[in-house]
Amino acid sequence: MSNVDLVQLTQETKKLTAMVVEDEKVVNELLSSTFKNFFSTVGSYFNSEDALNAYLKSAPDVVFVDIIMSGMDGIELSRKIREINPTQIIIVISASNDIEKISESIEVGVNSFIQKPIDTKKIIELLTSVMSMINKKKKIETKTFSISLPLDLYEIVNENAKAESISKNAVIIRALRSFYN
């Protein structure tokens, strides 16, 4: 914890957007104003329905959500967001000790669960964790690519890959290099 460079962390998080979904006005304002110090923009919503509509328009990098809210609760909101974007970073911030709710949020696939009240140390740990998740996600995205090939070319690539015991991507990359050289 003492090794965290707060300036560097803030520079990284300032490239991101966030959404706070909390039905208690004072807590929402406190979380939103705190996160505005770290994120470029922070959307603030008092119910899941408004948050979901806003999510569809803006798709923030990180969603902070309370579990217990009137109407659609935070777990259902997280479930709907997961259906839209399976890789969305969702952090539950809740005072709830209800083990069933916590278990259900884990089943939905939230990335982290933070118990209220939140202090500065928890926020820094949370943001460090968020940046780690985002950096891991970026590495995965840059290592994966997709290419569409006509069926006859695909069969040739597939046969060459099997014959040489290498990946299809390696065969395609080799072919592209020879074509462009």
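Is Ala59 buried, partly exposed or exposed? With a relative accessibility of 46%, Ala59 counts as partly exposed, since buried means under 20% and exposed means over 50%. Keep in mind that we're looking at a predicted model here.

## A closer look at Ala59

You'll find Ala59 in the loop between helix H3 (48-58) and strand S3. There's something to spot in its backbone, too: phi of Ala59 is near 40 degrees, a positive value in a residue that isn't glycine.

Let's move on to the strands. Five of them form an open sheet, and if you walk across it you meet them in the order S2-S1-S3-S4-S5, with parallel pairing. At the edges sit strand S2 (41-45) and strand S5 (112-115), each of which pairs on one side only. From one strand to the next, the twist averages 20 degrees.

Now zoom in on one pair. Strand S1 (residues 17-21) runs parallel to S2, and five bridges connect the two. Val21 has Tyr45 in S2 as its bridge partner. Helix H2 (residues 25-35) packs on this sheet, where it touches S1, S2, S3 and strand S4 (89-94). The direction of helix H2 makes about 170 degrees with that of S2.

Next stop: Asp66, in the loop between strand S3 (62-65) and helix H4 (74-84). An unreviewed UniProt entry places the feature "modified residue: 4-aspartylphosphate" at this residue. Asp66 has a relative accessible area of 4%, so this residue counts as buried.

Which residues is Asp66 in contact with, leaving aside its neighbours within four places in sequence? The list is Val21, Glu22, Asp23, Gly74, Ile93, Ser94 and Lys116.

Lys116 forms a salt bridge with Asp66, and their closest N and O atoms are 3.7 Å apart. Lys116 lies in the loop between S5 and H6 while Asp66 lies in the loop between S3 and H4, so this pair ties together parts that are 50 residues apart in sequence. Lys116 is buried as well, because its relative accessible area is 18% and the cut-off for buried is under 20%.

Lys116 has another feature to check: a cis peptide bond joins Lys116 and Pro117, with omega at about -5 degrees. Pro117 itself is in the loop between S5 and helix H6 (120-143).

## Other salt bridges

How many salt bridges does a search of the whole structure find? The search finds five. One of the pairs is Glu29 with Lys25, whose closest N and O atoms are 2.6 Å apart. Both residues lie in helix H2, four residues apart, which is about one turn of the helix. Glu29 is partly exposed, with a relative accessible area of 40%, whereas Lys25 counts as exposed at 51%.

Another pair is Arg79 and Glu104, whose side chains meet in a salt bridge at 3.5 Å, N to O. This pair links distant parts of the chain: Arg79 is in helix H4 and Glu104 is in helix H5 (residues 99-108), 25 residues apart. Arg79 is partly exposed, with a relative accessible area of 29%, and Glu104 also counts as partly exposed at 29%.

Technical notes
Residues numbered from 1 in each chain as written. Predicted model: local features only at pLDDT ≥ 70, side-chain atom pairs only at ≥ 80, totals over all residues. Heavy atoms only, no water. UniProt positions renumbered as here; feature names shortened; annotations may be inferred. Buried < 20%, exposed > 50% of the residue type's maximum accessible area, 1.4 Å probe, protein only. Contact = heavy atoms within 4.5 Å. Pairing = 2+ DSSP bridges. Axes fitted to C-alpha atoms, helices over the stretch in contact; angles between N-to-C directions. Salt bridge = Lys/Arg side-chain N within 4 Å of Asp/Glu carboxyl O.
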